[in-house]
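These are my notes from going through the model, entry by entry. I began with the conventions and then turned to the sheet, the helices, the cores and single residues.

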Amino acid sequence: MSDRTPETAANPESARASLEALRTEIAKAVVGQDSAVTGLVVALLCRGHVLLEGVPGVAKTLLVRALAASLELDTKRVQFTPDLMPSDVTGSLIYDARTAEFSFQPGPVFTNLLLADEINRTPPKIQSSLLEAMEERQVTVDGTPRLLPDPFLVAATQNPVEYEGTYPLPEAQLDRFLLKLTVPLPSRQDEIDVLSRHADGFNPRDLKAAGVRPVAGPADLEAARAGVAKTSVSAEITGYVVDICRATRESPSLSLGVSPRGATALLSTARAWAWLTGRDYVIPDDVKALALPTLRHRIQLRPEAEMEGITADSVITSVLAHVPVPR
């Protein structure tokens, strides 16, 4: 258990320090991937969900497990496969012969941090079983809505869509993810560090042995969210966010630009980032810093643009370069 007191946990400044300590704590298990760690923290502050994309073996699962261990959060994992059923995620009614009644058996979605592993290896019908949970923070079984715990975050991992045996996520579900974070292959030095740790006996299944301990908790998240809510946003920044999103709708490379929901998401993530960096107001650099992870999965490239090698990230980068920045 953590040695923090309720008083310190309730203080936004102490909460910020605790959340900053997450990076050091997670680094005991995961080498590099600082931007992914930051993205997960931003999502928790915004009550959003995260899509982690990367090839197999780059520590996506380990990253989520280390985050949960560092935050004193309950976590469960679902391995998405083609034969998975919706009830395997949400839970189902079980008949009790002793009472001659049906009772609800909660599924793994009833947790603080749900790791949806390789979510795009199951058909869209099963992927959509998470939609209500992600949007309403509840699941409905046999007509009865059941609330999920708070905090609740879905961290879904997916392999690049061109991999065999993958299904593209429906647009409606993609839009429910606050951030899409890319988890790249490590640099040469980082990969050497990974192998050195394993040579020294590191076991990714035993995070306690690796020294990972709780440095923050749900109370810190509540205090941090209160601090984010007080972070001011000027009319110029609001206009800047809208101009960026509207510019994507006019891009000749895109068949689908960022929706107003995406604009709201960008404002929220920029606000959280501003607070994490120690400011109580948002500046244009905060918007730029979160534009790629917040918007890259909310736009759709035209087929001819894809054939020319244009990517979602390159379109957003071009938009950021051309939209006037408020002074």
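I took helices (H or I, at least four residues) and strands (E, at least two) as DSSP runs, numbered from the N terminus. The model is predicted, and I kept to its rule that local features need pLDDT of at least 70 and that side-chain atom pairs count only at pLDDT 80 or more, whereas totals for chains, interfaces and linings use all residues. Residues are numbered from 1 along each chain as its sequence is written, and side-chain values use heavy atoms, with hydrogens and water left out.

**Entry: T24.** I located T24 in helix α2, residues 12–26, and found it exposed at a relative accessible area of 56%, where exposed means over 50%, buried under 20% and partly exposed in between, with a 1.4 Å probe and protein chains only.

**Entry: the sheet.** I traced an open sheet of five strands in the order β2-β5-β8-β1-β9, with parallel pairing, counting two strands as paired if DSSP finds at least two bridges between them. Because β2 (75–79) and β9 (179–182) each have a single partner strand, they stand at the edges, and one side of each is left without a neighbour in the sheet. The twist averages 20° from one strand to the next; axes are lines fitted to C-alpha atoms, for helices over the stretch in contact, and angles run from 0 to 180 degrees between N-to-C directions. Strands β5 (113–117) and β8 (153–158) pair in the parallel sense over four bridges, and A116 has A156 in β8 as its bridge partner.

**Entry: helices on the sheet.** I saw helix α3 (34–45) lying across β1 (50–53), β8 and β9, at about 165° to β9, while helix α4 (60–71) lies across β1, β2, β5 and β8, at about 175° to β5.

**Entry: cores.** I used nonpolar core for a set of buried Ala, Val, Leu, Ile, Met, Phe, Trp, Tyr and Cys residues joined through side-chain atoms within 4.5 Å. The largest has 72 residues, and V287 is among those that touch the most other members. Beyond its neighbours within four places in sequence, V287 is in contact (heavy atoms within 4.5 Å) with I237, Y240, V241, I244, L266, A270 and V282. A second, separate core of 24 residues includes L51, L84, V89 and L174.

**Entry: S253.** I placed S253 in the loop between α11 (235–249) and β10 (254–256), where S253 is buried at a relative accessible area of 15%. Not counting residues up to four places away in sequence, S253 touches Q300, L301, R302, A305, I310 and V315.
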